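Here are my notes on this model, jotted down as numbered points. Have the structure open while you read, and start with the core.

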Amino acid sequence: PWWTHSEEMYDEVQSALETAAGGEFVRYETEVQGADGLRTIDFSAKPVTDEDSEVAMLVVEGRDITAQQRSRQHMQVVHRVMRHNMRNDIMKLRGWTQNAATASTHEERVAAAARVTDILDSWEKMSADIKEIQETFHSNPEQIDNTPEEILLSEVIDAQRTAYPETTFEVTDTTPSDVDVPVPVKKAITESINNAVKSATTETPEINISVEQIKNDWLRIEVADNGPGMPEAEATVLETGEETPLVHGKGLGVWKIRMLTKRVGGDISVDTDTDGTTLCFKLPKVSPRQMAAEA
């Protein structure tokens, strides 16, 4: 039952046990579904043979390495931002400050100063994002608050309609009224909408949000847009959390979405093409009001 959240992972562990039963040691990282959502474990299956060299039993072990994995991935992303993004921005700052100093007209100086301000504003946002991610990363799971799903979604949509009046929002919600969700999800959904609107290529961006309860008491929230499609590198980082020298995100936006989602035991997937992008948040359902009523 720990692997019923994913047919692929369920088949993978079945295959691993068959391999171990054949006499071969197996070890790999996988995700399991626990009481508080998804956790990453270092899984192994070791065959033990009898006096006839036949496999008599399997020693199966799973060590929770969720914190270590998230810490490694987070440091990887922060180092990339410091090494790649800020280095490029410093080069731009040198150029635009020189332009401001040598410009022959007031308009040219104003334009150069505006570019410098934009870069400094992006640094301020990156600093705030890093702080927010670190606070979420180091927070105690027992201290994460929950809120009714319909209230959280309503607050997100009301705020985004105010921030982006030119954007059309459509919401479809079929979940029961007693479903609660972790509060950090609010920031993840908000960030995904912000990214979608800012990358839009039309004057009237469209955001469609759907919420439904799926099997095994999971909640699925989809945020779909009509933009140009998320770059493959961004989608890869969002789904896997892994970056390489050739595949990495431009900023901290997608990493912030992933970290907030994974911190509450959820998962996220991306479906993107030239007609738009859909982010699918899969969250373990929290129903404290229902549990209290049953107690």
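1. Let's begin with Ile189. Setting aside neighbours within four places in sequence, Ile189 is in contact with Leu152, Val156, Ile221, Val223 and Phe281; contact here means heavy atoms within 4.5 Å. Ile189 is also among the residues with the most contacts inside the largest nonpolar core, along with Ile193, Ile207, Ile209, Leu238 and Phe281. That core has 34 residues. For the term itself: a nonpolar core is a set of buried Ala, Val, Leu, Ile, Met, Phe, Trp, Tyr and Cys residues joined through side-chain atoms within 4.5 Å, and buried means under 20% relative accessible area, exposed over 50%, partly exposed in between, with a 1.4 Å probe and protein chains only.

2. Before going further, a word on the ground rules. This is a predicted model, so local features need pLDDT of at least 70 and side-chain atom pairs count only at pLDDT 80 or more, while totals for chains, interfaces and linings use all residues. Residues are numbered from 1 along each chain as its sequence is written, and side-chain values use heavy atoms, with hydrogens and water left out.

3. The top contributor is α5, with six residues. Apart from this core lies another, of ten residues, including Val13, Ala20, Phe43 and Ala45. Helices (H or I, at least four residues) and strands (E, at least two) are DSSP runs, numbered from the N terminus.

4. Now the overall picture. The protein has eight helices and ten strands, and 40% of its 295 residues are buried. Of the contacts with a separation of 6 or more, 65% are between residues 24 or more positions apart. The accessible surface is about 16400 Å², with 51% of it belonging to carbon and sulfur atoms; the areas come from the Shrake-Rupley method with a 1.4 Å probe, and for residues only the protein chains shown count as cover.

5. Next, the five-stranded sheet. It is open, runs in the order β5-β7-β8-β10-β9, and has mixed pairing; two strands pair if DSSP finds at least two bridges between them. β5 and β9 stand at the edges with a single partner strand each, so one side of each has no neighbour in the sheet. On average, neighbouring strands are turned by 15° against each other, direction ignored. α6 packs on this sheet, touching β9 and β10, and its direction makes about 160° with that of β9. Axes are lines fitted to C-alpha atoms, for helices over the stretch in contact, and angles run from 0 to 180 degrees between N-to-C directions.

6. How do the edge strands pair up? β5 and β7 run parallel, joined by six bridges, with Thr172 opposite Ser210 in β7. β9 and β10 run antiparallel, joined by seven bridges, and a hairpin of two residues connects β9 to β10. Ile268 has Phe281 in β10 as its bridge partner.

7. Glu170 is worth a click. It sits in β5 (residues 168-173) and counts as partly exposed because its relative accessibility is 48%. Not counting residues up to four places away in sequence, Glu170 touches Ile207, Asn208 and Ile209.

8. Is Asn194 buried or exposed? Asn194, in helix α5, counts as buried because its relative accessibility is 16%. Its side chain makes a polar contact with the side chain of Gln160 at 2.9 Å. (A polar contact is a pair of N or O atoms within 3.5 Å; within protein, one must be able to donate a hydrogen and the other to accept it, and residues adjacent in sequence count only if both atoms are side-chain atoms.)

9. Eleven of its eleven residues are buried, so α7 is largely enclosed by the rest of the structure. Among them are Trp255, Lys256, Arg258 and Lys262. Just after α7, Gly265 takes a positive phi of about 85°.

10. Last, the three-stranded sheet. It is open and antiparallel, in the order β1-β2-β3. Nine bridges join β1 to β2 (residues 37-49), and Arg27 has Ser44 in β2 as its bridge partner. Helix α2 (residues 66-102) packs on this sheet, touching β1, β2 and β3, and its direction makes about 120° with that of β2.
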